[in-house]
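Hi everyone, thanks for coming.

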Amino acid sequence: MPVYSISHVENVRVCVVMVGLPARGKSLIAQKIVRYLSWLSINSKCFNVGSYRREIATDTVVDAEFFDPKNEVGMNYRQEAITRATTDMMKWFSDDNGVVGILDATNSTRDRRDKILKLCRENSIEPMFLESFCDDQDLIMQNILDVKTTSPDYLNRNNEFAAEDFLKRIKFYEQVYETMDQKADADLTFIKLVNVNSQIILNRIESYLESRIVYYVMNLHIKPRSIWLSRHGESEYNLTGQIGGDSNLSERGWRYAKRLPELVLKSLGEENKHTNLTVWTSTLKRTQQTSSFLPYKRKLQWKALDELDAGECDGMTYEEIEKTFPEDFKARDDDKYEYRYRGGESYRDIVIRLEPIIMELERQENILIITHQAVLRCLYAYFMNVPQEESPWMSIPLHTLIKLEPRAYSTLVSRIKADIPAVSTYKEKGTSQLGELETGTASKSRDLIRDSELAK
Amino acid sequence: MSDNAIHSDDESELFNGFGSAPISRTASQRRTTKRWSFHNNDKPNLVDMDSDIAQLHRRLSDITGEDGVHKDASSSVIGGGQLYSTESGRLFHAGKICIALAGLPGRGKTHLSVSLTRYLRWLGVKTHSFHLGNYRRASAEDDVTHDLFVPSPNSKRANEIRNKIVDECLNDMLNFFKNDKGQVAIYDAVNALPEYRLALQKKFTDMNIQVLFIESLVTDDAIIMKNMEEAARSSPDYVNWDYDKAYKDYSGRINALAPYYQNMGEKDATLSYIKFINFGERIELHNSNYGYLINKVVFYLMNSRIKSGSVFFARCYKNSLDYTKDPPLDDAGKKYAFNLTKSLIEHVKKNGRSYFQDEEDKENPDLARLRPAVLKRQLSVDERQPAAGVDGIDQDSLVVWTSVKQRTIETTQYFADRNVKIRHRIQLSQKNPGVVANMTEDEVSAKYPDEYEQYIKDPYHYRFSRAESYHDLAIKIEPLILEMERMSGDILIIADDTILKVFYGYLMSCICYDIPYLNFPTDDIIEIKFNAYSNTAERIPIKDYTA
């Protein structure tokens with residue numbers, strides 16, 4: 001579906017106000033909305049009230065007591081934080097042409113929400129409240145485990161303290177929590193997600209962009225899961241430097257395919273070795289061959305995961321392209337994201353056709369995707385919030401298994417390299433030669449080989 | 001929803017390669033087939049085909065007024081906005097789905113089922129709406145009373161007729177799934193009781209078909225009144241009826257049914273259902289672990305409104321100009337713009353619209369200030385703010401959409417002078433012709449014989465070098481289509497005919513092969529009117545007001 005751009009109407013502004021107790025996945029949802037919209041080239045930003053509070057409340061101890069509604073010092077800081085966050089957001093709307101701003105806080109009382117509502121309306125914006133309501137204890141506990149390991153509030157604290165303190169903090173919020181109500185809030189625009197998505201209430205959604213955000217959120221879940229990404233094993237075309245095509249794996253490619261089940265097990269770890277993955281491949285032979293030794297029953301082929309269609313250049317080497325279509329070759333280097341091969345596709349075209357994949361991926365749990373360089377770059381860019389002008393230049397080497405673990409505040413990435421050599425298919429800007437140069441831009445900014453990193 | 005059902009359908013889709021193109025095993029291993037090929041040769045051969053699809057260069061007049069939304073969804077038909085195709089005919093690993101409506105008469109169920117069918121077909125999902133009312137009309141005798149409509153009729157005869165009608169309709173639905181590669185069947189009936197709904201659910205899930213209920217509830221009496229008036233005027237049940245009599249009969253029918261109808265709730269706890277309240281003011285989803293396709297349905301519901309306005313299409317003057325050039329309008333173009341504006345004003349005034357200011361009003365600033373178009377209200381913070389940048393909330397309003405090219409901007413000048421909102425959208429720029437720009441068809445076939453041959457086979461999807469295809473346009477305008485669905489007022493789209501063809505294709509449910517051959521003349525405005533059952537298209541001649 002859509003979107004070259006969400007249809008451009010003058011002055012579109014959407015202010016999303018999160019609502020819900022701590023550990024209900026609010027930050028995760030907020031971050032994901034921002035990432036998704038940025039991926040679609042829509043200017044969006046999240047304003048996390050917690051980080052404002054951490055910035056100003058430096059002279060006091062922030063533990064559970066801080067969040068006691070009777071704690072005046074705490075209340076003052078928290079009020080100050082929300083005022084600063086909303087002021088910044090309004091400034092961002094007007095100065096930076098912000099389109100979708102998200103206020104990430106608990107906003108758990110009607111009184112607080114009324115104040116935000118008035119402030120938004122003073123700026124001629126009708127906010128959209130997004131409540132994550134959850135009384136499923138298992139889900140909450142999972143979230144607590146996640147938050148206490150990644151929340152900036154519990155840096156350098158031991159896990160036991162963090163869990164206990166956090167539970168206590170939630171208790172304080174529960175004392176004053178007022179959920180969104182169909183009758184009392186009938187006049188407001190709001191979305192209420194009950195126990196993730198088992199029940200959803202949508203009230204007065206009034207613009208296309210709002211509906212687009214809701215549609216995305218409906219596809220989300222907050223259960224912990226992982227996504228594994230791999231390119232197909234080295235193919236015969238990779239050996240000859242030809243692009244596209246539908247060739248078989250090379251001898252080394254087959255070796256990677258045989259090694260892959262072992263790599264997946266290693267990545268799962270001993271305790272999760274019985275986890276059942278679903279494998280997605282493209283419809284091209286090299287990805288299916290790569291998946292052929294995996295023991296998992298559910299393997300789906302998606303047309304949308306096929307490699308970027310190089311049109312008339314399909315089956316050519318970069319040198320041949322440079323010779324045959326010198327202007328195109330340069331045009332592509334100048335704007336690789338927008339460039340569309342003669343009779344083929346651009347990176348932007350891939351992003352459009354990947355939309356159903358992204359939605360389905362959000363709905364699923366543990367998925368292993370075996371696909372192609374350009375498609376992987378787009379998928380990776382979505383999960384890691386890589387800007388458009390950089391994503392087509394990322395280096396994603398062959399014979400490497402990438403694991404992504406989406407978390408509330410970031411996505412964890414880890415990689416396992418199979419010890420099987422393969423050619424490099426990376427092409428630097430301005431040359432038709434393959435391989436990463438020592439001085440190349442890619443090896444500096446977007447090297448994906450490091451063993452583990454915490455990406456923002 | 002049964003996991004089993006989903007799984008088994010995944011298998012069948014998988015078996016068919018999920019839209020995979022036939023892969024050529026030639027020595028060169030080049031991928032010689034494009035995204036738009038089928039495994040088998042299911043796609044019609046347009047050149048040799050002796051059907052109406054093959055009539056090249058059909059004029060719009062041939063199809064004006066004919067909404068394709070009720071035509072059979074033949075397995076070879078591809079929707080305009082379809083992203084890929086599969087041999088099984090089913091998409092998104094979503095399996096087979098029955099969307100069953102529920103709700104009293106006058107709650108817009110027919111409108112909902114038809115417009116949903118239109119949207120899903122556009123996405124390429126094989127969809128058909130089955131209106132129980134049509135079956136009733138076809139089989140029931142004239143002397144039936146409201147008794148036929150209530151869940152448990154008193155008379156034995158009414159009961160028998162009722163059961164027969166329902167069986168026929170369900171039978172057709174099952175056939176649609178089994179024999180026509182159908183994916184979504186929309187069952188438009190009252191489905192008043194939980195027992196009915198549970199039985200329906202069981203019947204379909206036993207056959208690996210998922211069931212989703214959409215219950216349309218209306219709490220706003222004004223909406224019901226409006227729907228009743230509409231039904232009395234245009235329902236097939238009241239053809240040749242006196243309006244007052246029809247209205248009375250229809251309200252009698254609603255009153256007869258109302259005591260029986262049970263809202264979906266606790267008794268339906270095991271079902272997947274959506275409550276659609278006051279046409280989208282509130283939407284509640286229950287047991288909503290749905291797939292991509294059903295989430296798209298909800299997405300559509302969020303944007304769906306009962307439309308009362310029209311969509312007008314007008315070409316911009318001289319769109320045969322070079323794609324890369326952007327000249328201003330010449331004198332003839334200005335004349336065209338003036339006549340277009342005048343013709344439209346005359347037409348909409350005849351139809352009771354009041355959004356155009358009269359010339360005299362403009363002279364009188366006091367009067368002008370009172371008109372809604374220029375009325376600037378200062379809203380207090382206790383009131384809802386109008387959604388930012390949202391047009392067409394008022395039924396009596398007009399918005400003009402056009403591209404960002406200079407000549408189209410100037411074409412809208414006379415509308416702008418009359419305080420009509422003009423929106424410039426990049427998506428409305430003409431189709432990029434690529435390397436074949438400014439060439440006649442003969443020149444193209446001489447210079448690019450191979451490409452031309454492919455183009456002729458599938459002019460909708462074929463993309464010349466550096467060019468866009470109609471299909472590219474269809475994907476690009478999807479946000480505009482949904483925005484159009486949300487707007488209650490009139491919309492005028494002034495654009496190149498390549499763009500108009502695609503919009504027309506959506507609104508009139510054209511199969512994609514027809515779209516490139518639609519022909520929009522420059523001396524007409526085309527008006528599409530929305531109706532609950534089918535849309536209609538009419539011509540409005542552009543008269544010369546300068547003489």
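Let's start with the area: domain 1 of chain A and domain 2 of chain A bury about 1,800 Å² between them, 56% of it on carbon and sulfur atoms. Buried area here is the accessible area (1.4 Å probe) that two parts lose on being put together, summed over both.

A word on the background. This is a predicted model, where local features need pLDDT of at least 70 and side-chain atom pairs count only at pLDDT 80 or more, while totals for chains, interfaces and linings use all residues. Residues are numbered from 1 along each chain as its sequence is written, chains are lettered from A and ligands numbered from 1 in the order written, and side-chain values use heavy atoms, leaving out hydrogens and water.

Where are the domains? Domain 1 of chain A covers 11-217 and domain 2 covers 227-455, with bounds from an automatic or database domain assignment. Their C-alpha centres lie 35 Å apart. In contact (heavy atoms within 4.5 Å) are 18 residues of domain 1 of chain A and 20 residues of domain 2 of chain A.

Now for one salt bridge, which is the count between the two domains. K32(A) and E362(A) form a salt bridge through their side chains, at 3.0 Å, N to O; the term means a side-chain nitrogen of Lys or Arg within 4 Å of a carboxyl oxygen of Asp or Glu.

Helix 1 of chain A gives the most to the side of domain 1 that touches domain 2, with eight residues. Helices here are DSSP runs (H or I, at least four residues), numbered from the N terminus.

Note on methods
Helix = DSSP H or I, 4+ residues; strand = E, 2+ residues; numbered from the N terminus.
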